[in-house]
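Here is a short briefing on one structure.

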Amino acid sequence: MNYFYYCPAVKNPTGGVKVIYHHVQLLNEIGVNAWVIHPRSNFKCTWFEHNTPIWNKPSITSNDHLIVAEVDTLDLSRLLIEEQIQ
């Protein structure tokens, strides 16, 4: 089982994005498989230091969990449709 945190691809500092990265990093430190997933492939926030794993593969299984902030559901639905993920 894996946990994917959907995170907008923003180049400017925002607290919510930093919290998502930090949460994923903490989960990995305690042995939970977690990644940040962005709407753009190979995107990674560079405005702060981190060792947070970023997911750049197109596949997520039905056993995985996708965590999405309520403000990002419209963007994510477009991404899921484009990638044909059900």
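Rings of Phe, Tyr and Trp (its six-membered ring) count as a pair if their centres lie within 6.5 Å. By that rule, ring pairs join F4, W35 and W55 into a cluster. The model is predicted. It holds five aromatic pairs.

**Aromatic pairs**

- A pair of aromatic rings is described by the distance of the centres and the angle of the planes.
- F4 and W55 make an edge-to-face pair, with 4.8 Å centre to centre and 65° between the planes.
- F4 lies in strand β1 (residues 3-6) and W55 lies in the loop between β2 and β3 (65-67), so their pair ties together parts that are 51 residues apart in sequence.
- Both F4 and W55 are buried.

**Nonpolar cores**

- The largest nonpolar core has 14 residues. Those with the most contacts inside it are C7, Y21, V36 and C45.
- Two elements, α1 (15-29) and β2 (34-37), each give two or more residues to this core.
- Helix α1 supplies the largest share of this core, five residues.
- C45 is in contact with V10, V17, Y21, H38 and H50, leaving aside its neighbours within four places in sequence.
- A second, separate core has five residues. Among them are F4, Y6, W35 and W55.
- F4, W35 and W55 of this second core are also the members of the ring cluster.

**T52 in the loop between β2 and β3**

- T52 sits in the loop between β2 and β3.
- T52 has a relative accessible area of 6%. Buried means under 20%, so T52 is buried.
- The T52 side chain makes a polar contact with the side chain of Q25, at 3.2 Å.
- Leaving aside neighbours within four places in sequence, T52 is in contact with Y21, V24, Q25 and V36.
- Y21 and V36 also belong to the largest nonpolar core, among the residues with the most contacts inside it.

**N2 before β1**

- N2 is found in the segment before β1.
- N2 has a relative accessible area of 18%. That value is under the 20% cut-off, so N2 is buried.
- The side chain of N2 makes a polar contact with the side chain of D64, at 3.1 Å.
- Not counting residues up to four places away in sequence, N2 touches N33, W35, D64 and H65.
- W35, one of the residues that N2 touches, is also part of the second core.

Notes: Residues numbered from 1 in each chain as written. Predicted model: local features only at pLDDT ≥ 70, side-chain atom pairs only at ≥ 80, totals over all residues. Heavy atoms only, no water. Core = buried A, V, L, I, M, F, W, Y, C linked by side-chain atoms within 4.5 Å. Buried < 20%, exposed > 50% of the residue type's maximum accessible area, 1.4 Å probe, protein only. Helix = DSSP H or I, 4+ residues; strand = E, 2+ residues; numbered from the N terminus. Contact = heavy atoms within 4.5 Å. Phe/Tyr/Trp six-rings, centres within 6.5 Å; stacked < 30°, edge-to-face > 60°. Polar contact = N/O pair within 3.5 Å; in protein donor to acceptor, adjacent residues only side chain to side chain.
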